[in-house]
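Dear colleague,

Please find below the structure that I am handing over to you. My notes on it follow directly after.

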Amino acid sequence: MDFTMNRMFMQDEYFSAFLHALPEAFLVLSEQREVLYVNQAWTKMTGYTQEELARVFPMYIPEEKLHLYKLKQEKQHLPIEISVMHKNGHPIILLFRPFLLPWEDIGFVVKDITKERRIEQKLYEVKQQLHSFVQHSNDSITLFAKDYSIINVSKSFESITGFRPEELISDPNLVIPEGYVDQRKIHFKTVLETGETTMFRTKRRHKAGHSFDASITYSPIRNKAGEIIGVASAMRNIAEKVRIETQLWEAKELLESFVKSTTDAIVMLDLNGKIMSYNPAFKKIYGYTAFEVDQNINQMFEPAYVDDLSDKIHRTIRGESFHDIQVSCTRSDGQQIDVLCTCIPIRNNLGTIIAIAIITKDVTEQKKTAEALKDSEAKYRLITENMTDLIAILDRRGTYTYVSPSFFTILGYKPESIIGLHYKDLVHTEDLPRLYTRRRKMITHGSVMQMEIRYLCATGEWMYLEANGTPIRDEKGRVEHFVFVARNITERKQAEELLRNSDKLSMIGELAAGVAHEIRNPLTALRGFIQLLQASETKNKFYFDVMITELDRINFIVSELLVLSKPQVQHYKQTNVLHIIRDVITLLESQALLHNVMFHIEGATNELTITCEENQIKQVFINIVKNAIEAMPNGGTITIDTTQEGNHIQICFKDQGCGIPKERFDKLGEPFYTTKDKGTGLGLMVSNKIIRDHHGHFTIDSVMDEGTTVCVHLPLTFIKQ
Ligand code: ADP
Ligand code: MG
């Protein structure tokens with residue numbers, strides 16, 4: 001018996017085979033911490049054989065963890081949990097169940113509880129996490145038992161509803177407004193019956209009295225066996241979300257109504273280039289729907305445009321955008337149209353491209369108008385640039401903004417050198433005050449202004465301009481620009497000067513008349529005395545006759561001078577034109593003789609009456625005859641032919657002089673045009689004026705080196721018999 005109760009017992013073949021085969025690890029230690037025995041299960045569990053364990057044991061399990069002496073003293077042995085290392089190096093948790101062997105040694109049945117401990121640990125962590133999730137979730141989480149009694153309420157309940165969790169526990173329907181209880185009941189019941197999570201929108205009551213939009217999710221709580229034992233509810237205040245949704249909806253509505261009503265065509269494409277939607281304007285512009293366009297794209301657009309467009313669409317999908325691409329295409333009705341095309345990517349709030357929009361605007365009309373405008377502008381420019389009148393546009397303040405090229409040809413200024421100058425820079429200072437008043441009048445009355453000004457030329461000379469100013473107003477009626485059209489009137493001015501000069505001449509004539517008067521009186525005396533002498537003296541009768549004739553001639557000429565010199569006294573009377581011709585011939589006879597010129601009278605001999613200022617008509621005839629005499633330095637004949645033609649008469653003066661070259665014809669009648677050294681160049685001009693005053697006209701015909709015929713046409717006056 002003694003034998004059986006000592007250590008040797010373990011060396012018994014049968015017993016040790018039994019211990020070895022035990023699935024549980026078995027370990028025997030002596031009170032001195034010697035490893036006496038380990039079975040196979042131990043070795044499998046820890047990796048250590050008996051010899052190996054014997055070597056490391058005191059270190060492997062320190063004395064304070066496994067106090068063998070104390071174990072021996074105690075009657076009640078509780079299992080001891082010790083963390084050790086597996087021979088591989090990973091930690092394991094072992095549960096040692098000690099039992100005292102009948103001899104002095106101590107045995108242990110050892111169990112590896114690493115897995116159990118790990119699961120427990122995990123479970124604990126999950127529990128902790130769940131707890132903290134429930135407590136800290138922004139949603140209010142409530143756990144209900146199947147009977148709707150409350151198991152747990154998260155803290156956030158208070159922040160959402162204003163009520164404390166305890167208040168809810170005592171009244172589970174605390175935050176449900178009247179009329180919503182049934183809804184809650186139905187959802188709760190559904191979850192319990194179907195086991196499916198449901199989510200619904202509803203109203204909940206706040207402690208402050210108002211109600212708010214809430215979203216509630218009910219999920220079933222199941223036990224290990226999968227049976228539903230309650231419901232977890234998550235409640236969220238979605239007032240803000242509802243507000244944003246409403247805003248979003250409104251924005252969307254707005255956008256949609258814009259897209260629908262805009263005159264630009266808008267197409268949305270997905271990222272594969274497929275049409276998602278298009279607006280009504282699309283059909284209006286193209287005559288096709290967007291889908292039809294997609295099918296007819298090659299028919300509608302030139303191939304070059306199609307390639308370019310599809311390239312741009314692909315690049316838009318990748319994030320580029322394109323604005324106002326010019327495209328021309330053919331509408332469904334065959335009409336050519338021009339469009340401006342804009343491609344832009346559409347991104348979601350994360351910036352990811354979700355679609356692209358193609359917006360096209362019909363610019364056919366615009367283009368046409370622009371072209372027409374360009375056209376008319378070009379025409380207008382052509383006119384202004386080629387006009388000999390000076391054209392200038394000035395802004396409201398009087399600064400030149402445009403001047404025509406004629407500023408160069410007429411005044412000698414390069415147009416660009418005038419731009420920016422003020423109008424007063426180039427106008428004669430004496431003319432400025434008048435210009436100011438006219439300009440003010442033009443602005444206030446809106447009237448067109450016309451005035452003569454002296455304008456500075458590039459050469460430093462002054463040029464007379466006749467300027468016409470027109471104010472151009474904007475749509476509000478304010479004067480925006482002035483347009484000035486001016487023309488050089490220097491020549492006209494000179495002509496006027498000339499007329500004034502001829503006035504002066506007539507003044508001199510008047511003076512001469514006075515003188516003539518003074519001559520006539522002594523002449524009368526002389527004639528009287530000569531006649532007296534003639535009566536008493538018989539010897540030199542011939543001389544006396546000559547003296548008397550010559551005195552009569554002087555008298556005649558002087559009295560003619562007297563008549564001629566009163567042009568300003570207009571005194572129309574009925575006169576026989578033939579008498580005038582006769583008088584003119586008498587007046588010029590001696591001069592004609594001097595130049596070896598003869599007069600030859602032809603035509604009518606009857607009385608031809610005209611209503612005229614006799615002296616003026618005489619002046620005309622004298623002019624014409626003098627010209628004829630002067631044209632024949634070597635003598636010749638002047639034929640004066642008077643004919644009646646209906647109610648007109650025609651008096652032609654035909655000479656045999658040098659003639660007038662054709663190219664000079666236009667110059668005749670221009671003031672100061674003369675080919676003579678002592679000529680005035682006034683004769684024809686004054687004659688022309690007089691004949692016109694008498695409602696007649698002039699014709700001049702000339703053959704070089706043969707002679708000139710000047711004809712005067714005058715209306716005839718019929719005297720009642
Ligand atoms: P003036 O006699 O002072 O030169 P006019 O006006 O009378 O001025 O004439 C202008 C010019 O017309 C003359 O200088 C002359 O060249 C030309 N002319 C006028 N009459 C004749 C004519 N009968 N024959 C040739 N030339 C003429
Ligand atoms: Mg003359």
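By class, the lining of the second largest pocket has 16 nonpolar, 5 polar and 2 charged residues (Ala, Val, Leu, Ile, Met, Phe, Trp, Tyr, Cys and Pro count as nonpolar, Asp, Glu, Lys and Arg as charged, and the others, Gly among them, as polar). The model is predicted: local features need pLDDT of at least 70 and side-chain atom pairs pLDDT 80 or more, while totals for chains, interfaces and linings use all residues. Residues are numbered from 1 along each chain as its sequence is written, chains are lettered from A and ligands numbered from 1 in the order in which they are written, and side-chain values use heavy atoms, without hydrogens and water.

A pocket here is an open set of points on a 1 Å grid over the protein atoms alone, where a 1.4 Å probe fits, with protein on both sides within 12 Å along at least five of seven lines; lining residues have an atom within 4 Å of a point. The second largest pocket has 23 lining residues, and Leu-269, Asp-294, Ile-297, Ile-313 and Ile-358 lie nearest its centre. Helix α13 gives the largest share of this lining, 5 residues (helices are DSSP runs of H or I with at least four residues, numbered from the N terminus).

Elsewhere, helices α21 (residues 614-631) and α22 (residues 683-693) have axes that come within 9 Å and cross at roughly 145° (axes are lines fitted to C-alpha atoms over the stretch in contact, with angles from 0 to 180 degrees between N-to-C directions). Their contact has 6 nonpolar, 6 polar and no charged residues. Among the residues of α21 that meet α22 are Ile-617 and Val-620 (contact means heavy atoms within 4.5 Å).

Finally, the C-alpha centres of domain 1 and domain 4 lie 126 Å apart; the domain bounds come from an automatic or database assignment.

With kind regards

Terms used
Helices (H or I, at least four residues) and strands (E, at least two) are DSSP runs, numbered from the N terminus.
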